[in-house]
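Colleague: I would like to learn how to read a model like this one. Could we go through it feature by feature?

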Amino acid sequence: MRPVVLCFSGLDPSGGAGLQADIEAIGQAGAHAAVACTAITVQNSQQVIGFEACAATLVEAQATTVLDDLPVRVIKSGMLGTIDNIAMLTRLFAERIIADGTPFVLDPVLVANSGGSLGDEQTLVAAFRKLLPYATLITPNTHELRALSGEQDLHIGAQKLCAQGTHAVLVKTSHDFDSGDIEQYLYVQGEMIHQSTLSRLDGEFHGSGCSLASFIAGRLALGDALTAAVIAADHWITQTLIAADAPHPDDAKAQLIPNRFVKITAST
Ligand code: PLP
């Protein structure tokens with residue numbers, strides 16, 4: 001069968017972010033997504049109303065049942081919601097997954113793009129610090145990178161997370177400036193090994209971070225090297241954002257939903 005990416009992610013009923021984004025992105029990358037559901041959120045494209053996290057024992061049971069069955073090549077995590085879920089995943093890596101050498105793409109979700117809470121930030125950050133050393137790649141937004149590293153400077157923050165054991169960090173300057181291009185940096189073991197400039201697109205997107213991280217995970221599962229997976233994901237995500245659906249076309253501030261089924265044109 002196609003290589004499997006096992007995702008730990010939350011349900012977003014709007015279908016923009018979370019486990020639906022993961023399933024669609026991983027499918028478009030050419031891999032198969034399996035999902036251990038970590039939380040059920042109540043939200044739409046505009047706001048998060050609340051969420052109920054799944055018990056860590058239930059999340060672990062979902063994951064181990066899949067690990068016992070399917071050829072899982074990559075693990076991907078998104079919203080984990082509680083420190084119990086983060087601690088459970090940390091233990092699962094220590095006891096089982098790390099021995100298999102399975103790559104791990106960690107999207108350290110702290111808040112939704114709409115600004116809504118997806119867990120208590122301070123306790124999540126403390127718990128994430130123990131999970132980070134197991135990550136092959138983390139894909140924080142600038143807010144998450146600063147919260148996790150305690151550094152304002154994105155380059156120093158990325159290097160610090162590498163020094164603390166994360167293999168690679170992919171960071172964009174997307175939330176920092178209102179205009180101009182977006183700079184993206186890939187740090188591996190503290191060294192910047194890839195830098196790219198992406199054109200800024202108008203609008204805020206709901207689920208773009210989940211989609212990017214999952215597409216990378218899918219490509220890693222297919223055997224791509226890290227930089228190649230990132231380049232392929234950039235090409236794909238840009239086209240899904242250009243073709244994004246606008247639930248509220250008259251409101252320039254409303255979030256858009258990436259069209260993960262857009263027909264992709266070849267990169268030049
Ligand atoms: N996971 C879930 C379940 C979410 O609801 C969200 C945001 O709403 C995210 C992850 C992160 O989304 P984004 O990719 O927009 O950062």
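The dialogue below takes the ligand site, then the aromatic rings, then the sheet.

Modeller: This is a predicted model, so local features need pLDDT of at least 70 and side-chain atom pairs count only at pLDDT 80 or more, while totals for chains, interfaces and linings use all residues. Residues are numbered from 1 along each chain as its sequence is written, and side-chain values use heavy atoms, with hydrogens and water left out.

Colleague: Which residues come nearest to the ligand?

Modeller: A residue is near a molecule if one of its heavy atoms lies within 4 Å of it. There are 15 residues around the ligand here, and Gln 43, Asn 113, Gly 207, Gly 209 and Cys 210 come nearest. Helix α7 (residues 208-222) gives the most to this shell, three residues; helices (H or I, at least four residues) and strands (E, at least two) are DSSP runs, numbered from the N terminus.

Colleague: How many residues of the shell are nonpolar, polar and charged?

Modeller: Ala, Val, Leu, Ile, Met, Phe, Trp, Tyr, Cys and Pro count as nonpolar, Asp, Glu, Lys and Arg as charged, and the others, Gly among them, as polar. The shell has six nonpolar, eight polar and one charged residues.

Colleague: How many aromatic pairs does the structure hold?

Modeller: Rings of Phe, Tyr and Trp (its six-membered ring) pair if their centres lie within 6.5 Å; planes under 30 degrees apart count as stacked, over 60 as edge-to-face and the rest as tilted. The structure holds three such pairs. One of them, Phe 93 with Tyr 134, is stacked, at 5.7 Å centre to centre and 20 degrees between the planes. Phe 93 lies in helix α3 (residues 83-100) and Tyr 134 in the loop between α4 (121-131) and β6 (137-138), so the pair ties together parts 41 residues apart in sequence. Phe 93, Phe 104 and Tyr 134 form one aromatic cluster.

Colleague: Are Phe 93 and Tyr 134 buried or partly exposed?

Modeller: Buried means under 20% relative accessible area, exposed over 50%, partly exposed in between (1.4 Å probe, protein chains only). Phe 93 counts as buried because its relative accessibility is 0%, and Tyr 134, at 23%, counts as partly exposed.

Colleague: What is the strand order in the sheet?

Modeller: Two strands pair if DSSP finds at least two bridges between them. The open sheet has nine strands in the order β3-β2-β1-β4-β5-β6-β7-β8-β9, with mixed pairing. β3 (48-53) and β9 (191-198) stand at the edges with a single partner strand each, so one side of each has no neighbour in the sheet.

Colleague: How do β7, β8 and β9 pair?

Modeller: β7 and β8 are antiparallel over five bridges, with Leu 170 opposite Leu 186 in β8. β8 and β9 are also antiparallel, over seven bridges. In strand β8 (residues 182-188), six of the seven residues are buried. Two residues separate the strands in the hairpin of β8 and β9, where Gln 189 takes a positive phi near 45 degrees.
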